[in-house]
Amino acid sequence: MSDARERSLGDQLPRLLRMAGARPARWIASVIVVSLVLTTLDTLGVAAMIPLTQLISGTATDTGALGAIAEITGISEPSELVPIVAAAIAGLFIFKSVASIVFRWWLLGRTSRISALVATDLMRRYMLSPYVAHRGRHLAEVYRNINESTAQAASVLQATITVLTDAMLLIAIIAVLAITAPWITLLVVFVFGLLLLGIQLGLRRRQARLGEEIADAGLAAWSFLMPGLDGFRETRLSSSAGSFIDGYRAAKLRGAMAGRQLALVSEAPRYALEIGFVLAIAGISVVLFATGTPAEALTVLGVFGAASLRALPTLNRVASSLATIRSGQVGLRIVLRAGAELDGQGRHEEAPRSDEPFEGDISFIDVGFRYPDADEDVLRGITLTIPRNRTVAFVGSSGAGKSTLLDLLLGLLEPTHGRIECGGRSILDDRARWYADLGVVPQDVFLVNDTLRANVAFGVPSEAVDADRVSEVVAMARLEGLVAELPRGLDTMVGERGVRLSGGQRQRLGLARALYRRPSVLVLDEATSSLDNVTEFEITDTLKRLEGTMTIVIVAHRLSTVRGADHLVFLDKGLIEAQGTFPELRSRSAAFNRLVELGDLS
Ligand SMILES: Nc1ncnc2c1ncn2[C@@H]1O[C@H](COP(=O)(O)OP(=O)(O)OP(=O)(O)O)[C@@H](O)[C@H]1O
């Protein structure tokens, strides 16, 4: 995409609207139609001043607009016509003002909606993007993009509409003025046109730079806020909270100061325009009174007065909207670039394409894997079979490739060589289906700020939670003791603002959560590492009882967890060093034997 193309609003805004699911042509057309109606009303309001000023200045009522009004109403006496015309103008202005409020309400609703929908769309794309791309992402940037940048992008949309609408209004006002006094109008338009253009040319770079500064400061603030709070324990223990707070403070202040400058720079045209208008009205008065009759002068001044009443705020709004467009364009660019980048990375579909579950043996066929940007494969020539309903454990020293192998099995990573199948089907053919058949217990179980029940039935809408199944899996994961002790049982809040669970309790909750889904393949990733011996024994016992009912894949370094597995795979430096039952491995691999003797398999 070329820079020029990227910079054009005519290209950017339709793309933004499409991200929000709107149809750009229809969306823009409806906004313009409503704007035209309002502009017409506004113009009529200004034009209506002509007969009134003519009446006041004593123009004859038998010709022109006054003649027409006199004919329609049947009244030709100026003193009787004045209240009628004045009432008509008042009525028109009231109607116009009410219509303007309604229109603003409608427009604000439309643009605010776009802001919310674009943010949601971006969040959806981030959440459904491939795992590898997610791992390589700077999360502070993701938060900044979804929050501030989408708001900036929507403000550009709103400001562009304001500029378009106001430009139409200004053209109409100029047209009315041109009918009344063509030469003076031309002069005023020329002078104000130059003034506005000069101001805009002088400020545009600064406004754009300030917009970039604000976006940058936003990113810096997130970069201190997130690790500061996420790594609370570490920051506390290393007494480094101060440096995160200082960094955050500096970033926020930088953003605030840029915001202050932007506000002033956006307001500056207002003062220049106000001075310009006062000078124009004064100049016109002098010229008119010097060259024509007072009556003519009054008519022209009345119309100019009414026009400036309307035009001045409009011009101000145009100037500040232009500032919003320039400063907000950085946000618009960020959002569109992120959208395009995420599109290019592919998207995970959450709905399975097939109803047919993955069943059968799991086969790794000559699987190799290299991380993007890495020089070497971390796994090579992995060929193995995990028979259906059997328990297989992966062991190996640190960095051997166990977690990578597991991520490949989970379909989070894709092999750079070979393939992984279940029941003869590649697991990547229908990843969502594969996930539906998997239950995973990670090393660090993620808790949501909700009840214990909701944490077990993770991601299931509360009305769809199967209460019996929850009780069943709570018992299977040996969590009943905890539930009985908690004040509100399964309805007790856990997570961020609820009861803190111990490492072992979290892990058991993770097991209950994985089992809730009735998986055909249960995967435990270092899931017993934080358990005490008694709990580990209980969990291993639970796994033993599950044996034969589902395929169980374990990655663990605790000898006791993997000892009873049907089949052990010993990995070393990305290769399968040996495999077999525990006694077979002992007799086949000296390296494995050494680990066993040390009592730790990693
Ligand atoms: N994102 C990445 N980019 C590049 N290399 C990576 C990445 N993640 C892991 N690696 C490398 O891949 C190799 C295997 O790592 P992996 O985490 O799979 O090992 P592991 O056996 O699970 O180790 P541990 O028991 O310590 O968790 C290591 O050498 C590691 O440095």
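Modeller: Across the protein the average pLDDT is 85, with 95% of the residues scoring at least 70. Because this is a predicted model, local features need pLDDT of at least 70 and side-chain atom pairs 80 or more, while totals for chains, interfaces and linings use all residues. Residues are numbered from 1 along each chain as its sequence is written.

Helix 9 (residues 182-230) packs with helix 11 (residues 241-291) at an angle of about 170°, their axes lying 8 Å apart (axes are lines fitted to C-alpha atoms over the stretch in contact, and angles run from 0 to 180 degrees between N-to-C directions). That angle makes helix 9 roughly antiparallel to helix 11, a label for angles over 145 degrees. The residues of this contact divide into 27 nonpolar, eight polar and four charged (Ala, Val, Leu, Ile, Met, Phe, Trp, Tyr, Cys and Pro count as nonpolar, Asp, Glu, Lys and Arg as charged, the others, Gly among them, as polar).

Helix 9 also packs with helix 8 (residues 139-180), at about 175° and with the axes 11 Å apart, and these two helices are therefore roughly antiparallel as well. In this contact (C-beta atoms, placed from the backbone, within 7 Å), residues of helix 8 including Y143, R144 and L177 meet residues of helix 9, among them V189, L219 and W222, and by class the contact has 12 nonpolar, four polar and three charged residues.

Definitions and conventions
pLDDT is the predictor's confidence in each residue, from 0 to 100. Helices (H or I, at least four residues) and strands (E, at least two) are DSSP runs, numbered from the N terminus. Angles under 35 degrees count as roughly parallel, over 145 as roughly antiparallel, 65 to 115 as roughly perpendicular and the rest as oblique. Two residues are in contact if their C-beta atoms, placed from the backbone, lie within 7 Å.
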